[in-house]
Amino acid sequence: MKRTKIIELLNPEMIGRDVTVMGWVRTRRGNKHVQFVALNDGSTIRNIQIVLDMAKFTDEALKPVTTGSSVCVTGKLVESMGKGQTCEVQADSIEVLGSADPESYPLQKKGHSLEFLREIAHLRPRTNTFSAVLRVRSALAFAIHKFFNERGFVYLHTPLITASDCEGAGAMFQVTTLDLNNLPKTEDGKVDFSADFFGKPTALTVSGQLEGELGATALGAIYTFGPTFRAENSNTPRHLSEFWMIEPEVSFFDNNDNMELAEDFVKYCINYALEHCEDDINFLAQMYDPELVDRLKFVTHNEFVRLTYTEGVKILEQSGRKFEFPVYWGADLQSEHERYLVEKHFKKPVIMTDYPKEIKAFYMKLNEDGRTVRGMDVLFPKIGEIIGGSEREADYDKLLARIEEMHIPMKDMWWYLDTRRFGTVPHAGFGLGFERLVLFVTGMTNIRDVIPFPRTPNNAEF
Ligand code: 4AD
Ligand code: MG
């Protein structure tokens, strides 16, 4: 079936042509002489207006042309006299491909709440808001590959099923084919994982970093971009149980190089969206967040502040603020603290570095003080932490000591330690939570609204 996408119809050069357009009816209105259908096909936030001269059509034929139905229209593309559009299709024919019973189609009127739309996530891409968000999301994914490709990074596919716990937090989803109602047991009464599919306990990955390091210490610079899974019971507007993460890992990089890459990277992505998603971003700004475009440009135009955890804690302690979670040196900073620094104190994105080793993962490089590690988190307005990363501990003995100190099962880590045994190099990397970036760029406030089918505690619908 040959059709022209609506985004192409909006090109002024198309005026005067005979076209076939297909899409879903958003609204139909009019009188007995003329009817107007607003049609959308997902290629753009903009609808095309279909003009139906009622001398050519019967009421009966138009009856199934209701909100949500799908139609194929042929006609001539002409300049529009009406307000709000430059062109419209004067229809010669309209064929209903699929009707949508007005009694049961849930997207009748405009202005459904985002909460309600989450309950009908299978249909919400048909709304302006979600089609805009999903187009921006797609553009950002492309920008990410473009950025790393332009810089000669190798895209490395790391496994989703793994037997190691990168973040050491234990918040992993088990993967098993054992019959949960009839578990095989060893002699001492434990589950016999040797009978399981992989012959040992496995889980969905929380991060591709460890395998990313294997790639970086061979290929020089790699990035991963894939789904990651966290079984933590976090019911916040910034946490998902399944989210996508981008993890570059670069050999011969120190933490300063790492911060520079992170800053360039997010700025590149935001600029790409500003350039390529103007209609969608403007729509979202108008609907949800009038300051959105200013905020995006502010981030791309300003240098991120760099400060150590110790300096950050000092500022928070001296702020005179009452935080829900107390601040003291050693405390894991909460989103309220991060946002205070970014939104109130500096009014700029912040890269915080050199955290106490106790609150960070085992792989971060220990500083000379023996207390802090060369971690770096990028903190954003409205989001808090958008990136987490570090320079890695490249020294075999120091890494081993940390692994033992933190009681990380040694035998699972032999292959990781081999990178430090054979030609170890300084290296660094970070992880960007893709949905947090999409959240920032779209101005949405809940992470469940920037992924097509969110997975959160007690929710795996669709
Ligand atoms: O800070 P995190 O846990 O770091 C890592 O996983 C490292 N292995 C990354 C690396 O150095 N290669 O996660 C990285 C980012 C966070 O900054 C945040 O943006 C996002 O992933 N993130 C989540 N996004 C949505 N839902 C969750 N539950 C998230 N947990 C982390
Ligand atoms: Mg983190």
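These notebook entries record what I looked up in a predicted model.

**Conventions.** I noted that residues are numbered from 1 along each chain as its sequence is written, and that chains are lettered from A and ligands numbered from 1 in the order in which they are written. The model is predicted, with local features needing pLDDT of at least 70, side-chain atom pairs counting only at pLDDT 80 or more, and totals for chains, interfaces and linings using all residues; side-chain values use heavy atoms, leaving out hydrogens and water.

Entry 1: I took helices (H or I, at least four residues) and strands (E, at least two) as DSSP runs, numbered from the N terminus.

I then looked up the partners of S15, counting two strands as paired if DSSP finds at least two bridges between them. Strand S14 (residues 372–380) pairs with S15 in the antiparallel sense over 6 bridges. Gly 375 stands opposite Ser 390 in S15. The hairpin of S14 and S15 has 3 residues between the strands, and in this hairpin Lys 382 takes a positive phi near 70 degrees. Strand S16 (residues 427–433) runs antiparallel to S15 and is joined to S15 by 5 bridges. I found Phe 430 in S16 as the bridge partner of Gly 389.

**Entry 2: helices H11 and H12.** I recorded that helix H11 (residues 396–405) packs with helix H12 (residues 414–421) at an angle of about 155 degrees, their axes being 9 Å apart. That makes H11 roughly antiparallel to H12. The axes are lines fitted to C-alpha atoms, for helices over the stretch in contact, and angles run from 0 to 180 degrees between N-to-C directions. Angles under 35 degrees count as roughly parallel, over 145 as roughly antiparallel, 65 to 115 as roughly perpendicular and the rest as oblique.

On the H11 side, the contact (heavy atoms within 4.5 Å) is made by Tyr 396, Leu 399, Leu 400 and Ile 403. H12 contributes Tyr 416, Leu 417, Arg 420 and Arg 421.

**Entry 3: positive phi in two loops.** Phe 252 lies in the loop between strand S11 (242–251) and helix H6 (255–276), and counts as exposed at 60% relative accessibility.

I next turned to Lys 347, whose phi is near 55 degrees. Lys 347 has its place in the loop between helix H10 (335–346) and strand S13 (350–356), and is exposed, with a relative accessible area of 53%.

Technical notes: Buried means under 20% relative accessible area, exposed over 50%, partly exposed in between (1.4 Å probe, protein chains only).
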